[in-house]
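Hi,

Here is the structure I promised to pass on. Have a look at it first, and my notes follow below.

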Amino acid sequence: MYKMRLLKIIFLFVFFPVFLMGQKITFKQELDFFFDNTEFARSAYTTDQTMAGVHLRPEIGMGWDKKHTIFGGVDFLKKFGSNVAVDKTTLIAYYQYKDEKTLFQAGSFTKNELLSDYSNFFFQDSVKYFRPTMNGLFLKKGNDKRNIKLWLDWTGLQSATLRESFFIGASGNNDFNKNFFADFQMYVYHFAGTQPAMYDQHVCDNILAQASLGYKYSDKDWNKVLVSGGILAGFERNRKYMNDAYMPIGFVGKADAEYKKWGTENLIYAGQPRMKLYSELGNEFYWGNPFLRGNFYWQNKLYWNVIKNRKVTGQLSLRNHYSQGKIYFEQLFTLSASIGN
């Protein structure tokens, strides 16, 4: 009841005056459904679980000059099987500047533009399901053929129980011609302590960077054919041991193909094991795929695009994971729908 009253106050005092000012009003409504069943019980690296729920994300914006917009809204999360109507509400409030070659956002907004560049080697699926909003800054310069993105996401406000944490990241893409391209993704994750500080806490750093070269092709039937290979490098350190930084490196490969409504995606990692501090800090410190704790990992996804158009995308898929000489299975159905400007 209190939250609904707060939303009404935000609307009356922030957006109602635009009707008197004659500004452009923008309405957006997004829905994200996810059902993800993992069968990882035999793995020493991760856990067996089912993640299911739905996000409803209404937004209203006030714009001027066709490039500047202030948005406000809320992200409602309902986890399936819970005994409450809404499990989590997250405020959405941000300024956006957008033209043909620039997208700039500041505030609290969704990670859609960010996550489109990064594989789950960087952000495991649960981040997309349960932490789809970022708090900070995002800048994209360029277009689909050539661009660079810079971003800041503040993930933990220091308190007596919460450790300070934030990401600083960058990614980019360059198409040399119709078929050949290069891309990169990286982030620095800073994980500090609580306030007041606890004797057993120390500042930790996690840096992950990937650079790849690849080939892509498409025509009227083959929506996508893509092959790429590159290097995945890391830096992991607990500053308690300043001279004991761990710098794993390995090969990363990608092979995707989509024919009409059917497709496959493949990711391969071969190199030094990662996440050296996982037993101590777990998913608080590492946001990527826990299977990278081994020295070889292959992820294969087979999918069917049940529906795919400008407004709605629904996909049913089977994902297979090869790690530690064993094969693990995962079943997924995801659906995203959006309406509005």
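A nonpolar patch sits on the surface, made of Phe 251, Ile 268, Phe 296, Trp 298, Leu 302, Leu 318, Tyr 322, Ile 327 and Phe 329, with about 750 Å² of accessible area together (Shrake-Rupley, 1.4 Å probe, with only the protein chains shown as cover). Patch residues have over 30% relative accessible area and no salt bridge, and nonpolar side chains are joined within 5 Å; a salt bridge puts a Lys or Arg side-chain nitrogen within 4 Å of an Asp or Glu carboxyl oxygen. Strands β14 (296-308), β15 (312-323) and β16 (326-340) each give two or more residues to the patch, and β14 gives the most, with three. Strands here are DSSP E runs of at least two residues, numbered from the N terminus.

Ile 327, in β16, is partly exposed at 44% relative accessible area (buried is under 20%, exposed over 50%, partly exposed in between).

This is a predicted model: local features need pLDDT of at least 70, side-chain atom pairs need 80 or more, and totals for chains, interfaces and linings use all residues. Residues are numbered from 1 along each chain as its sequence is written, and side-chain values use heavy atoms, without hydrogens or water.

Now for the other end of the numbering. β1 (24-39) and β2 (50-64) pair antiparallel over 14 bridges (pairing takes at least two DSSP bridges). β2 also runs antiparallel to β3, with 10 bridges, and the two form a hairpin with three residues between them. In that turn, Asp 65 has a positive phi of about 60°. Met 62 of β2 stands opposite Ile 25 and has Ile 70 as its bridge partner in β3.

Notes
Patch = residues over 30% accessible without salt bridge, like charges linked within 9 Å, V, L, I, M, F, W, Y side chains within 5 Å. Helix = DSSP H or I, 4+ residues; strand = E, 2+ residues; numbered from the N terminus. Buried < 20%, exposed > 50% of the residue type's maximum accessible area, 1.4 Å probe, protein only.
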